[in-house]
Amino acid sequence: MYKGGKIIASLIIFAALFTIPFFYNMGKVNAGPDVALDTPAIQRLPASEQQCVESPEFMKENHMQLLNQWREEAVRNGQTVYINSQGKKFDISLQDTCLKCHATESASNPVVLNNPANSTGVSNPALNASPEFCASCHDYSAVKPLCWTCHFEPKEAVK
Amino acid sequence: MKVLFSFLAVILIILVATMGAFITNLHYVFGIIIPYLAFAMFVGGFIYRVVKWGRSPVPFRIPTTIGQQKSLPWIKQNKIENPTSAFGVVVRMAMEVLFFRSLFRNTKTELREGQNGPELAYGSAKWLWLGSLFFHWSFLIIIVRHLRFFLEPIPFAIQALESIDGILQIGLPAIYLTDVFILVAITYLFLRRIVVPQVRYISLPADFFPLFMIMSIAISGVLMRYFYKVDLVAVKQLTIGLATFQPVLPTGIGPMFFIHIFLVSTLFAYFPTSKLMHMGGIFMSPTRNMISNNRMVRHINPWNPEVKVHTYEQYEDEFRDKMKKAGIPVEKE
């Protein structure tokens with residue numbers, strides 16, 4: 001081979017670039033977020049309220065658009081009631097509707113509350129890594145929700 | 001006809017992919033076995049092609065230059081376009097690979113109606129360069145962006161790239177600039193082959209096929225992100241499974257994913273056998289990667305055979321006695 005040294009070195013770089021994922025993930029366990037649909041927080045709710053606003057399949061695909069629609073309804077149109085596909089009524093409110101199941105789990109847990117390491121943003125779904133919160137799935141797939149550029153938990157509320 | 005042939009080939013591939021996507025029993029084949037095979041064919045085929053090219057000799061210096069050669073001391077040399085150092089070559093290659101320097105010099109030739117009949121006219125033609133630049137850079141950014149499915153935890157650089165790509169924050173999920181650019185650019189590259197008669201004449205099925213393949217990959221990706229959504233977390237579990245060699249097949253991913261990954265696998269497998277190998281070939285173009293020192297350094301043909309020589313000294317050693325007897329002067333007594 002002519003100029004063999006340079007060509008082989010380049011090919012090694014090529015192969016290394018394309019096999020980055022194999023080396024990067026070597027020895028790691030493939031553990032995605034495991035979102036449970038019957039946490040204690042959900043079980044405490046009356047049976048009629050244990051269902052999410054829409055079906056899990058719908059929420060998986062369209063929660064971002066639903067939240068967008070809610071924001072528009074509440075902030076711009078003054079509508080505060082959402083009627084879902086089954087005709088059931090829900091309050092259009094992140095705090096009072098979504099977070100009833102999706103954020104109360106750790107926030108209401110005294111062990112977590114009293115842990116000084118968690119003193120900021122315990123019930124902030126953007127920061128909390130528990131599977132019922134946004135962050136677990138969103139960090140896993142590197143999708144940055146824009147909710148928390150405006151919405152955030154004031155420090156005083158946590159104390 | 002050539003267009004139709006490539007188009008029907010891609011349609012057939014899409015049909016196979018759709019079949020794989022809707023028959024659950026085939027998901028393991030389409031989601032795990034075919035991607036592994038395609039990846040092995042891509043890397044193996046790429047290395048095979050480059051090694052094969054590397055074995056062909058380049059006997060002469062054949063750099064093409066567009067700048068002043070190194071000459072007398074008061075004549076300024078163009079150190080990048082006519083390099084006499086390895087560093088100059090590296091810069092020239094970088095310009096070529098990253099910014100398509102040669103294509104930037106593309107010209108068009110046409111006959112114009114002048115005052116005294118038709119006139120031959122040359123002009124600069126930058127559209128192909130611009131279209132290619134947008135296409136290739138978008139493609140690169142899209143591939144790097146996809147690393148978010150193959151790396152866990154996701155490095156900051158990839159998240160940053162993604163947020164820059166979606167910086168306009170239009171719609172939900174946010175539109176990626178590169179998605180728009182690649183679709184526009186590839187449509188341009190396709191129309192160019194159809195509309196310009198000269199380019200159409202020299203276009204082959206092998207030119208249209210990759211265009212249609214990449215177009216269908218981009219469209220399936222866009223459809224998957226915005227319209228026929230898939231379970232992203234399940235997708236990542238599958239891809240991380242592939243990357244850790246512990247393949248898992250989560251249920252309920254959604255058919256669009258299998259169509260997309262089959263199209264990508266087909267392109268990867270096809271890559272080493274096609275014109276797309278210009279990805280490796282550009283680094284091996286002798287007109288670009290050679291130092292322009294044709295006459296500064298002696299270049300010896302690499303396949304010159306060993307020539308048996310008989311020097312005068314050896315000749316004299318052999319015939320010294322006879323030369324002396326004949327009275328011929330010798331250098332060494």
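## Reading an interface, ring pairs and salt bridges

Q: Where does one begin with two chains, and how many residues of chain A are in contact with chain B?
A: One begins with the residues that touch across the boundary. In this predicted model, 30 residues of chain A are in contact with 42 residues of chain B.

Q: What area is buried between chain A and chain B, and what share of it do carbon and sulfur atoms give?
A: About 3300 Å² is buried between chain A and chain B, and carbon and sulfur atoms give 70% of that area. On the side of chain A, the residues that lose the most area to chain B are Y2(A), F22(A) and Y140(A), which together account for 21% of what that side buries.

Q: How many salt bridges and how many residue pairs in polar contact are counted between chain A and chain B?
A: One salt bridge is counted between the two chains. It joins the side chains of K60(A) and D231(B), with an N to O distance of 3.0 Å. Polar contacts between chain A and chain B number 10 residue pairs.

Q: Which elements of chain A give two or more residues to the side that touches chain B?
A: These elements are α1 (4-18), α2 (20-24), α4 and α8 (134-140) of chain A. The largest share, six residues, comes from α4(A). By residue class, the side of chain A that touches chain B divides into 17 nonpolar, eight polar and five charged residues.

Q: Let us take one residue of that helix, L67(A). Where is L67(A) placed, and what is in contact with it beyond its neighbours within four places in sequence?
A: L67(A) is placed in helix α4 of chain A, which spans residues 56-76. Once neighbours within four places in sequence are left aside, L67(A) is in contact with L94(A) and C98(A).

Q: How is a pair of aromatic rings described?
A: Two values are used, the distance of the centres and the angle of the planes. Over all chains, the count comes to 24 aromatic pairs. For F134(B) and F181(B), the ring centres are 4.9 Å apart and the planes stand at 75°, so this pair is edge-to-face. The pair links distant parts of the chain, 47 residues apart: F134(B) is in helix α5 (residues 127-145) of chain B and F181(B) in helix α7 (residues 177-195) of chain B. F134(B) is partly exposed at a relative accessible area of 37%, and F181(B) is partly exposed at 33%.

Q: What kind of aromatic pair do F257(B) and F258(B) form, and are these residues buried or exposed?
A: F257(B) and F258(B) form an edge-to-face pair, with 5.3 Å centre to centre and 75° between the planes. Both F257(B) and F258(B) are buried.

Q: Which residues do ring pairs link into a cluster?
A: The cluster consists of F14(A), F18(A), F42(B), F46(B), F268(B) and F271(B).

Q: Which parts of chain B does the salt bridge between E152(B) and K236(B) tie together?
A: The side chains of E152(B) and K236(B) meet at 2.7 Å, N to O. E152(B) lies in the loop between α5 and α6 (156-165) of chain B and K236(B) in helix α10 (residues 232-243) of chain B, so the pair ties together parts that are 84 residues apart in sequence. E152(B) counts as partly exposed at 25% relative accessibility, while K236(B) counts as buried at 0%.

Definitions and conventions:
Residues are numbered from 1 along each chain as its sequence is written. Chains are lettered from A and ligands numbered from 1 in the order in which they are written. This is a predicted model: local features need pLDDT of at least 70, side-chain atom pairs count only at pLDDT 80 or more; totals for chains, interfaces and linings use all residues. Side-chain values use heavy atoms; hydrogens and water are left out. Contact means heavy atoms within 4.5 Å. Buried area is the accessible area (1.4 Å probe) that two parts lose on being put together, summed over both. A salt bridge is a side-chain nitrogen of Lys or Arg within 4 Å of a carboxyl oxygen of Asp or Glu. A polar contact is a pair of N or O atoms within 3.5 Å; within protein, one must be able to donate a hydrogen and the other to accept it, and residues adjacent in sequence count only if both atoms are side-chain atoms. Ala, Val, Leu, Ile, Met, Phe, Trp, Tyr, Cys and Pro count as nonpolar, Asp, Glu, Lys and Arg as charged, and the others, Gly among them, as polar. Rings of Phe, Tyr and Trp (its six-membered ring) pair if their centres lie within 6.5 Å; planes under 30 degrees apart count as stacked, over 60 as edge-to-face and the rest as tilted. Buried means under 20% relative accessible area, exposed over 50%, partly exposed in between (1.4 Å probe, protein chains only).
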